[in-house]
Amino acid sequence: MGVFDKILHSDQTLFKNIDALDFDFVPKIIPYREEQQRRIATAIQPLFSDRNGKNLVLHGMPGVGKTVACRHVFKELEEKTDEIITVYVNCWKKNTGYKIAIDMCEQLGYSFTQNRKTDELFKEVIRLLNKKKVVLAFDEIDKAEDYGFLYILAEELYRKTIILITNYKTFLENMDERLKSRIMPELIEFKPYNLPDTKGILKQRVEYAFYPNVWETDAFEAVVKKIASLQDIRAGIHLLKDCGDYAESRSSKTITIEHANACIAKIDEFETLKSTDLKDEDKVILNIVKKNTKAKIGDLFKSYCDSGGKSAYKTFQRKINSLEGQGFVKLTKSQGEGGNTTIVEYKERTKKLSEF
Ligand SMILES: Nc1ncnc2c1ncn2[C@@H]1O[C@H](COP(=O)(O)OP(=O)(O)OP(=O)(O)O)[C@@H](O)[C@H]1O
Ligand SMILES: [Mg+2]
């Protein structure tokens, strides 16, 4: 092979289908999440025989397939029946009752939304949804400013499954008791993928997105190893694309270990951001956890107050939950003499790459 055989022409590309590396792309099959998808389907199943469905909370760390698994089940459901309506809302993007109501109206094709108040809009939503059966997903639910809208939907929809998606295992514990007793959700945990799973998922994505033989074996293996250690498939897909762009920019017909290592080094730079990227108050709290790892949350709150912390206990608790969601601490329940408590363990970890 001559030296120029390994060089790309300007109109050539390594990507067969670059869309497959979009964060919104839903693959035809979602491997390693069959069990979770089956449980989502089981919760929806009663709707097929006109009974009320079960409600769910899907929880797990960033980039472990919660959103994609849910959207995949929705897609299959839409292909199977017109009797069940699916509505998916991202509460990070739509974080107030009003924005959620508008989004739901849009999805339902209802356009008389001008100058209407939130509760009027929800009335319309409920009227429309009660004509059929419905599965609602509220992704990133912990980012919603309040949960009043859930209360209304839980009360007034006849035949429904409500799916709440969150990073926080403890999300349910902090939910208002009246809401909790109306929703009574079943919990589905999405554990991080192990090395073989990570490899399988990234291999599938490489097949969708790149021409055959573009990836040299050792380059792909290096990417898999890095991503398995980060436990975030979103970071993996970002890295696949980055490696492709990097190799292309060097007019290479293959992605080599040198290309992969250069792109992995960029991720390592992100990693060094770690806790330094948190807000000041969160940093103070994380430092207290670091110094007193595996302490009870109540004792940590005391140390926090002693060191001049001004937030109320509820706010402190919310911040600890948020640190858990970002992977900085691990929370475990423990049964003590005076009742249940939460043990907080320090665990430094990367933020979601997508947040940079
Ligand atoms: N089992 C899987 N098979 C194929 N692709 C996957 C799988 N799991 C995750 N992905 C891909 O990884 C990326 C992240 O997944 P997803 O968006 O579902 O994460 P998430 O758990 O919702 O994370 P977050 O809590 O940050 O929202 C997506 O691009 C998704 O397509
Ligand atoms: Mg998600």
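This briefing describes the fold, the surroundings of the ligand and some local features of the structure above.

The model is predicted, and its protein comprises 13 helices and eight strands. Of the 356 residues of the protein, 35% count as buried, and the C-alpha atoms, taken along the principal axes, fill a box of roughly 70 × 60 × 40 Å.

- Strand β1, which runs over residues 56–60, is mostly covered, with five of its five residues buried.
- Leu 56, Leu 58 and Gly 60 point one way from β1, while Val 57 and His 59 point the other way, and the residues on both sides are buried.
- With strand β4 (residues 160–166), β1 pairs in the parallel sense over four bridges, and within that pairing Val 57 has Leu 164 of β4 as its bridge partner.
- With strand β5 (residues 186–190), β1 likewise pairs in the parallel sense, here over five bridges, and Val 57 stands opposite Leu 187 of β5.

**Helix α11**

- Helix α11 covers residues 280–291, and its 12 residues reach 17 Å from the first C-alpha to the last, which is close to the 16 Å expected at 1.5 Å a residue.
- The buried residues of α11 are Ile 285, Leu 286, Ile 288 and Val 289; seen down the axis of α11, these buried residues fall within an arc of 155 degrees, so they line one face of the helix.
- Such an arrangement can be read against the helical repeat: an α-helix has 3.6 residues a turn, so residues three or four places apart point the same way.
- Asp 280 and Lys 291 are exposed residues carried on the face of α11 that is turned away from its buried side.

**Positive phi outside glycine**

- Met 184, although it is not a glycine, has a positive phi of about 40 degrees, and this residue lies in the loop between α6 (177–183) and β5.
- Met 184 counts as exposed because it has 10 C-beta neighbours inside 10 Å, where 12 or fewer is the limit for that class.
- Ser 251, also a residue other than glycine, has a positive phi near 55 degrees, and its place is in the loop between α9 and α10 (257–273).
- Ser 251 counts as partly exposed because it has 13 C-beta neighbours inside 10 Å.

**Lys 302 and a distance across the protein**

- Lys 302 belongs to helix α12 (residues 297–306), and this lysine counts as partly exposed because it has 15 C-beta neighbours inside 10 Å.
- Lys 302 and Ala 247 are 55 residues apart in sequence, and from C-alpha to C-alpha they are 53 Å apart in space.

Technical notes. Residues are numbered from 1 along each chain as its sequence is written. Chains are lettered from A and ligands numbered from 1 in the order in which they are written. This is a predicted model: local features need pLDDT of at least 70, side-chain atom pairs count only at pLDDT 80 or more; totals for chains, interfaces and linings use all residues. A residue is buried if 20 or more other C-beta atoms lie within 10 Å of its own, exposed if 12 or fewer, and partly exposed in between; C-beta atoms are placed from the backbone. Helices (H or I, at least four residues) and strands (E, at least two) are DSSP runs, numbered from the N terminus. Two strands pair if DSSP finds at least two bridges between them. The expected span of a helix is 1.5 Å times one less than its number of residues. The arc is that of the directions from the helix axis to the C-beta atoms.
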